[in-house]
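Visitor: I would like a close look at one part of this model. Please take me through a pair of helices and what surrounds them.

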Amino acid sequence: MQAPGVPPDDIFLRLGAAAVAGALLGLNSDLRGKPAGLRTHALVTLSSAIVIVAITEVAAVAGQAGVDAMSRVIQGLVTGIGFLGAGVILHGQGEVRGLTSAATIWVAAALGVAYGSAHWVAATTGLALSLIILVFGGSVEGWAHHVFGSDRRAGDPRHRGTGEHRLED
């Protein structure tokens with residue numbers, strides 16, 4: 001049943017924008033061989049947006065109780081995404097891998113919330129900044145370690161821009 005206050009074209013726009021944003025984040029991960037790729041990220045942003053669009057009408061009808069319900073839904077999303085993100089973090093042989101993938105999944109959920117609630121500027125700015133960080137962050141990290149002489153990951157090209165971190169003994 002269609003909610004009377006949310007036009008179908010607005011729902012399509014919100015969900016479509018969320019799915020595209022997630023796909024862009026996931027494509028970046030896919031191209032780098034990360035465990036969570038295009039489909040995972042697109043589904044996370046889309047599902048977050050679906051939940052927000054669905055609860056939007058409840059919040060509008062229920063007044064303050066609806067705002068409280070919206071808050072609880074967002075809290076639930078954050079908690080659930082935390083578990084999903086934890087699943088891509090791998091520990092072994094003194095290394096932690098997948099932190100960037102986990103963080104990107106969390107960003108995907110936040111973008112889904114923003115697109116689902118039609119916060120276009122926040123969502124689009126968040127997507128742009130996330131892509132800049134993901135595309136250029138590894139090179140900046142490598143440069144900073146080289147310039148400042150950090151011994152963490154220094155000179156080891158396997159770790160440049162991968163989000164991997166050595167645990168100190």
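Guide: Angles under 35 degrees count as roughly parallel, over 145 as roughly antiparallel, 65 to 115 as roughly perpendicular, and the rest as oblique. They run from 0 to 180 degrees between N-to-C directions, and axes are lines fitted to C-alpha atoms, for helices over the stretch in contact. This is a predicted model: local features need pLDDT of at least 70, side-chain atom pairs count only at pLDDT 80 or more, and totals for chains, interfaces and linings use all residues. Residues are numbered from 1 along each chain as its sequence is written, and side-chain values use heavy atoms, without hydrogens and water.

Take α4 (residues 99–116) and α5 (residues 120–148). Helices are DSSP runs (H or I, at least four residues), numbered from the N terminus. The two axes come within 8 Å and cross at roughly 165 degrees. The helices α4 and α5 are therefore roughly antiparallel.

Now the contact (heavy atoms within 4.5 Å). From α4, the residues include Thr104, Val107, Leu111 and Tyr115; they meet a set in α5 that includes Trp120, Ala123, Leu127 and Leu134. By class, this contact has 8 nonpolar, 5 polar and no charged residues. Nonpolar means Ala, Val, Leu, Ile, Met, Phe, Trp, Tyr, Cys and Pro; Asp, Glu, Lys and Arg are charged; the others, Gly among them, are polar.

Look at Tyr115. Leaving aside neighbours within four places in sequence, Tyr115 is in contact with Arg14, Ala17, Ala18, Ala21, Trp120, Ala123, Thr124 and Leu127.

Terms used: Helix = DSSP H or I, 4+ residues; strand = E, 2+ residues; numbered from the N terminus.
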